Amino acid sequence: MSSIKHNENTDYLDQEIIRKLSENGRIPYSELAKELNVSNSLVHLRVRKLQESGVIAGFSVKLNAKANGFETITYTGITTKEARFAYSIAEQLKMIPEIVECHWVSGKYALFIKIVAANNDELRKIIYDQIHIIEGVGGTDSFISFGSAFEKNLPIH
């Protein structure tokens, strides 16, 4: 097993670790080490460093919305009555389990969210009974997803 000492080699190793984990987040570190021809402990060290530096944000299981009973998926833009409400609205949205993403955006909307719902009736209830009652919400526009053409991870440079 070779040891990585030079910064260029460490950068290359980090990129290879990220690439392989992006392809298969469940690959054992021992297999990674074997494939990269480095020690198991070095792989553990580099992954920990990548996590501590924020390059790797975490590991998780990606759930299939439809297989878990969520037939309706929307992307919804939220306008605010005043800009000062955006942060408190985001905090309230965080409490709604069916809202799985929330982004600050430019343009017409202050926030753009992804909602998963069992069906259109549930979606209506989430929008009108939970989102529209939040102080400062000016309005919403929803775009129903008919399915994902593709999803991918960040490119590795």
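User: How many bridges join β2 to β3, and which way do they run?
Analyst: β2 and β3 run antiparallel and are joined by five bridges. Two strands count as paired if DSSP finds at least two bridges between them. Strands (E, at least two residues) and helices (H or I, at least four residues) are DSSP runs, numbered from the N terminus. This is a predicted model, in which local features need pLDDT of at least 70 and side-chain atom pairs count only at pLDDT 80 or more, while totals for chains, interfaces and linings use all residues. Residues are numbered from 1 along each chain as its sequence is written, and side-chain values use heavy atoms, with hydrogens and water left out.

User: Which residue in β3 is the bridge partner of His103?
Analyst: Phe112 in β3 is the bridge partner of His103.

User: And the hairpin of β2 and β3: which residue takes a positive phi?
Analyst: Gly107 does, with phi near 100°. The hairpin has six residues between the two strands.

User: In what order do the four strands form the sheet?
Analyst: The order is β2-β3-β1-β4, in an open sheet with antiparallel pairing. β2 (99-104) and β4 (137-144) are the edge strands; each has a single partner, so one side of each has no neighbour in the sheet. On average, neighbouring strands are turned by 20° against each other, direction ignored.

User: How many bridges join β1 to β3?
Analyst: Seven bridges join β1 (residues 72-80) to β3 (residues 111-117), and these strands run antiparallel. Within β3, Leu111 stands opposite Ile78.

User: Which helix packs on the sheet?
Analyst: Helix α4 (residues 86-93) packs on it, touching β1, β2, β3 and β4. Contact here means heavy atoms within 4.5 Å. The direction of α4 makes about 165° with that of β2. Axes are lines fitted to C-alpha atoms, for helices over the stretch in contact, and angles run from 0 to 180 degrees between N-to-C directions. Helix α5 (residues 120-131) also lies across β1, β2, β3 and β4, running at about 140° to β3.

User: Staying with α5, which of its residues are buried?
Analyst: Leu123, Ile126, Ile127 and Ile131 are the buried residues of α5. Buried means under 20% relative accessible area, exposed over 50%, and partly exposed in between (1.4 Å probe, protein chains only). Seen down the axis of α5, these residues fall within an arc of 90°, so they line one face of the helix. The arc is that of the directions from the helix axis to the C-beta atoms. Their cover includes β1, α4, β2, β3 and β4.

User: What caps the N-terminal end of α5?
Analyst: Asn119 caps that end: one of its side-chain oxygens lies 3.1 Å from the backbone nitrogen of Asp121. A polar contact is a pair of N or O atoms within 3.5 Å; within protein, one must be able to donate a hydrogen and the other to accept it, and residues adjacent in sequence count only if both atoms are side-chain atoms.

User: Where does Ile99 lie, and what is it in contact with?
Analyst: Ile99 lies in strand β2. At 11% relative accessibility, Ile99 is buried. Leaving aside neighbours within four places in sequence, Ile99 is in contact with Leu93, Ile113, Lys114, Ile115 and Ile131.

User: New topic. What does the domain assignment give for the chain?
Analyst: It gives domain 1 (12-53) and domain 2 (66-145), with bounds from an automatic or database domain assignment. The C-alpha centres of domain 1 and domain 2 lie 37 Å apart.

User: What does Ile17 touch?
Analyst: Ile17, a residue of helix α1, is buried at 0% relative accessibility. Not counting residues up to four places away in sequence, Ile17 touches Leu32, Leu36, Val43, Arg46, Val47 and Leu50. Ile17 and Leu32 are 15 residues apart in sequence and 7.3 Å apart in space, C-alpha to C-alpha.

User: And Lys20, buried or exposed?
Analyst: Lys20 counts as buried, at 14% relative accessibility. Lys20 is placed in helix α1 (residues 7-23) and touches Ile27, Leu32, Glu35 and Leu36, not counting residues up to four places away in sequence.

User: What is the phi of Asn37?
Analyst: Phi of Asn37 is near 60°, a positive value in a residue other than glycine. Most residues other than glycine have a negative phi. Asn37 is in the loop between α2 (29-36) and α3 (40-52), and is partly exposed with a relative accessible area of 46%.
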